[in-house]
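Me: I'd like to learn how to read charged contacts in a structure. Can you walk me through it?

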Amino acid sequence: EAYGADLATARRVTVLVGDLRHGIDDLTHLRRAAQNLLVTVNRPDHAVVVWAGYEGPTGPAAVMTPARARVAGAELAAFARTLDRAVRADTHTTLAVVGNDAARVAQQAGRHGAEFHNTLLIGTSLGVPGRNVFVLYGDADLAAHAHLPGGDPNRPGIVRLAAGDARGQRDYFTPGSEQLSVIARVVSGEGTLPTVTRTGPE
């Protein structure tokens with residue numbers, strides 16, 4: 001599902017991928033997030049694509065298995081190649097993934113050759129290979145910290161950005177919030193990115 005500018009003419013394209021544990025409820029949230037991001041970026045040449053082309057685990061206690069992640073990652077990589085053919089040669093693309101399941105899909109997509117100008121990991125501390133990789137999660141987001149045994153993942157190639165008061169996945173795209181403003185800056189390439197420099201508990 002594409003929102004905003006026509007993909008054939010857009011200069012900035014965001015591919016939004018989220019966890020899909022709750023069916024239509026999660027998809028509705030992603031659609032709302034896409035609309036809020038479009039309004040915040042406020043560029044006529046910006047498009048947001050909500051990609052939900054994978055089968056996620058069902059229910060809060062379910063597990064995204066490696067096998068399922070590999071299949072989903074291959075599908076996302078195939079979509080990325082299709083997108084490359086659909087957009088202008090000078091279009092700047094950002095992969096924005098929300099949640100731990102989506103991050104695992106992005107990890108596998110990278111291994112299948114998916115390439116984006118930016119990768120933005122939202123509400124998760126999992127790392128993804130690629131260029132210009134950013135992570136954005138709140139200190140109070142317990143789900144994001146579940147995979148963070150030893151401090152912030154500030155390592156070569158990955159930069160942690162400030163996430164305001166976000167406590168869960170539904171908070172990152174709240175209109176008017178600091179975290180949505182930061183996401184918009186990554187996507188648009190405009191403005192200063194506020195980074196988190198500490199690497200452990202204060």
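Me: Is Arg11 buried, partly exposed or exposed?

Reply: Quick background: this is a predicted model, where local features need pLDDT of at least 70, side-chain atom pairs count only at pLDDT 80 or more, and totals for chains, interfaces and linings use all residues. Residues are numbered from 1 along each chain as its sequence is written, and side-chain values use heavy atoms, with hydrogens and water left out. Buried means under 20% relative accessible area, exposed means over 50%, and partly exposed is in between (1.4 Å probe, protein chains only). Arg11 comes out at 34%, so it's partly exposed.

Me: And how many salt bridges does the structure hold?

Reply: A salt bridge is a side-chain nitrogen of Lys or Arg within 4 Å of a carboxyl oxygen of Asp or Glu. The structure holds nine. One of them joins the side chains of Arg11 and Asp90, at 3.1 Å from N to O.

Me: Which parts does that pair tie together?

Reply: Helices (H or I, at least four residues) and strands (E, at least two) are DSSP runs, numbered from the N terminus. Asp90 sits in the loop between helix H2 (66-86) and strand E4 (92-98), while Arg11 is in the loop between strand E1 (2-4) and strand E2 (12-18), so the pair links parts 79 residues apart in sequence. Asp90 is partly exposed too, at 39%.

Me: Which residues join Asp90 in a network?

Reply: Arg88 also forms a salt bridge with Asp90, with their closest N and O atoms 2.9 Å apart. Through shared partners, Arg11, Arg88 and Asp90 make one network.
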